[in-house]
Amino acid sequence: MKKVNLAFFASHGGSNMQAVLDSINNGVLDAVPVAVIGNNSKSKAFERAANENIPYYHLSGKSHPDPEKLDLAMLDILKRHRTNLVVLAGYMKKIGRYTLKAYNGRILNIHPALLPKFGGQGMYGKRVHEAVLKAGDSQTGVTIHVVDEKYDHGPIIAQEKVPVMENDTVDSLAERVLQCEHKLYSETIAKIVSGEIVLATV
Ligand code: GRF
């Protein structure tokens with residue numbers, strides 16, 4: 001059977017991408033990492049891509065001031081590498097309309113809270129955990145969803161709850177949620193690859 005080609009959009013630490021790559025390297029996930037795209041040339045995600053011999057591409061508003069050209073350049077890379085599934089892992093920008101259309105239903109994002117709570121524009125990184133602690137919620141979690149034209153909005157395909165402890169700080173909560181993200185992203189992609197979760201046409 002043809003293997004599923006994964007492309008990652010990652011501009012930060014890349015720990016979620018690394019967790020998925022580890023699952024591939026350990027033989028738990030049957031997929032091929034074909035490309036990494038990011039808008040931050042100094043990101044750890046690029047370092048990780050280089051270590052794994054995965055081609056990586058720095059594309060941003062600086063390299064492509066015209067958003068439409070940026071979108072088309074991204075789409076070209078995805079197509080060139082015969083990408084089947086796009087995995088957003090710490091990519092904070094919106095995906096352009098050409099890429100969204102070409103990969104409709106085949107772009108995943110991970111969010112460190114139980115969407116629709118604590119999501120939307122500006123809700124990323126520590127801000128999410130700060131908001132959860134401020135709200136006094138006893139649980140938070142991780143959401144994996146299909147990407148659409150709005151931030152943190154498309155259909156949810158997996159969610160897992162994470163308890164909030166009484167003495168949690170933003171950092172301790174972020175760390176517990178991140179551990180859950182690593183596990184859930186790999187597991188969910190494995191379910192998509194095996195056909196247990198059905199997306200558009202992976
Ligand atoms: C994660 O918390 C993820 O949910 C969010 O961005 C963060 C990326 O972390 N979208 P990393 O770059 O994978 O370490």
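Which residues lie nearest the centre of the largest pocket?

## Basis

The model is predicted, so local features need pLDDT of at least 70 and side-chain atom pairs pLDDT 80 or more, while totals for chains, interfaces and linings use all residues. Residues are numbered from 1 along each chain as its sequence is written, and side-chain values use heavy atoms, without hydrogens and water.

## Largest pocket

Gly-90, Met-92, Ile-110, Tyr-124 and Gly-125 lie nearest the centre of the largest pocket, which has 37 lining residues. A pocket here is an open set of points on a 1 Å grid over the protein atoms alone, where a 1.4 Å probe fits, with protein on both sides within 12 Å along at least five of seven lines; lining residues have an atom within 4 Å of a point.

The space in this pocket is about 740 Å³, a volume being the space filled by probe spheres set on the points, which are joined across faces, edges and corners. At least two lining residues come from each of α1 (15-25), β5 (107-111), α5 (126-135) and α6 (170-194); helices (H or I, at least four residues) and strands (E, at least two) are DSSP runs numbered from the N terminus.

## Second largest pocket

The second largest pocket has a volume of about 170 Å³. Its lining has 14 residues, with Leu-70, Met-74, Tyr-91, Lys-93 and Lys-94 nearest the centre.

## Tyr-185

Tyr-185 belongs to helix α6. Tyr-185 is buried, at a relative accessible area of 1% (buried: under 20%, 1.4 Å probe, protein chains only).

How values were computed. Buried < 20%, exposed > 50% of the residue type's maximum accessible area, 1.4 Å probe, protein only.
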